[in-house]
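Welcome! Work through the exercises below with the model open beside you, and try each task before reading its solution.

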Amino acid sequence: MNKAFTKETDNDADDDGADGAAPSLPAGSKNYITPAGYARLRDELLQLMDEERPKVVEAVHWAAKNGDRSENGDYLYGKKRLREIDRRIRFLTKRLEIAEVTDPSVHHGSDQIFFGATVRYVDETGGDERTITILGIDEADSAQSQVSWISPIARALLKSREGDVVKLVTPGGAHEVEILSVSYPAPRPVAD
């Protein structure tokens, strides 16, 4: 059958994972996110809707007027990019609707670990010292030493205190982790 008569879907094999979606939330849990993370997602959504999508629509419209669409690279690429943008817009819209904005600065000065904490710990098995920040699944970036609050290390550390030793279960076996320090961002001054 000619490809022109096949139905395009949002689940095309070549588009899987194109939006870089975060993992799904565990059933019944909330989508915790910091105010800064929420603002970044909202800004990305607005940029896609107000700037990038209109430019791509215009390019696709221009390319469609240039004749045979089956061999028109601008048209084919534009349609594919439009699907990617629309998929990301849907994803961001859904995530922002269910987001539970939580300000970690309310715990400033506390030595107990909650969402938003920056934790310095040492793995007593290997002696490796690490520092991580516990954030929402839509904002965590492992390259920046940020972990999702649903990650195994975060779940092991949550509600512990500075000086505690907690058990971390990994595929490589169980480890004991000692919490060296806990910190939170300072509260932002309230504007009058």
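**Exercise 1: an aromatic cluster**

Tyr32, Phe115 and Trp149 form one aromatic cluster. This is a predicted model, in which local features need pLDDT of at least 70 and side-chain atom pairs count only at pLDDT 80 or more, while totals for chains, interfaces and linings use all residues. Residues are numbered from 1 along each chain as its sequence is written, and side-chain values use heavy atoms, leaving out hydrogens and water.

Task: find how many aromatic pairs there are, and classify the pair of tyrosine 32 and phenylalanine 115.

Solution, step by step:

1. Rings of Phe, Tyr and Trp (its six-membered ring) pair if their centres lie within 6.5 Å; planes under 30 degrees apart are stacked, over 60 edge-to-face, and the rest tilted. The count by this rule is two aromatic pairs.
2. Tyrosine 32 and phenylalanine 115 sit 5.9 Å centre to centre with 40° between the planes, a tilted pair. Tyrosine 32 belongs to strand E1 (residues 31–33) and phenylalanine 115 to the loop between strand E2 (99–101) and strand E3 (118–123), so this pair ties together parts 83 residues apart in sequence. Strands (E, at least two residues) and helices (H or I, at least four) are DSSP runs, numbered from the N terminus.
3. The ring centres of tyrosine 32 and tryptophan 149 are 5.3 Å apart and the planes are at 75°, so that pair is edge-to-face.

**Exercise 2: two helices**

Task: describe how the axes of helix H1 (residues 35–64) and helix H2 (residues 73–98) cross.

Solution: axes are lines fitted to C-alpha atoms, for helices over the stretch in contact, with angles from 0 to 180 degrees between N-to-C directions. Here the axes of H1 and H2 come within 9 Å and cross at roughly 155°. That makes H1 roughly antiparallel to H2 (angles under 35 degrees are roughly parallel, over 145 roughly antiparallel, 65 to 115 roughly perpendicular, the rest oblique).

**Exercise 3: strand partners**

Task: how many bridges join E3 to strand E4 (residues 129–135), and how many join E3 to strand E7 (residues 173–183)?

Solution: two strands pair if DSSP finds at least two bridges between them. E3 and E4 run antiparallel, joined by five bridges, with valine 119 opposite isoleucine 132 in E4. Six bridges join E3 to E7, also antiparallel; arginine 120 has serine 181 in E7 as its bridge partner.
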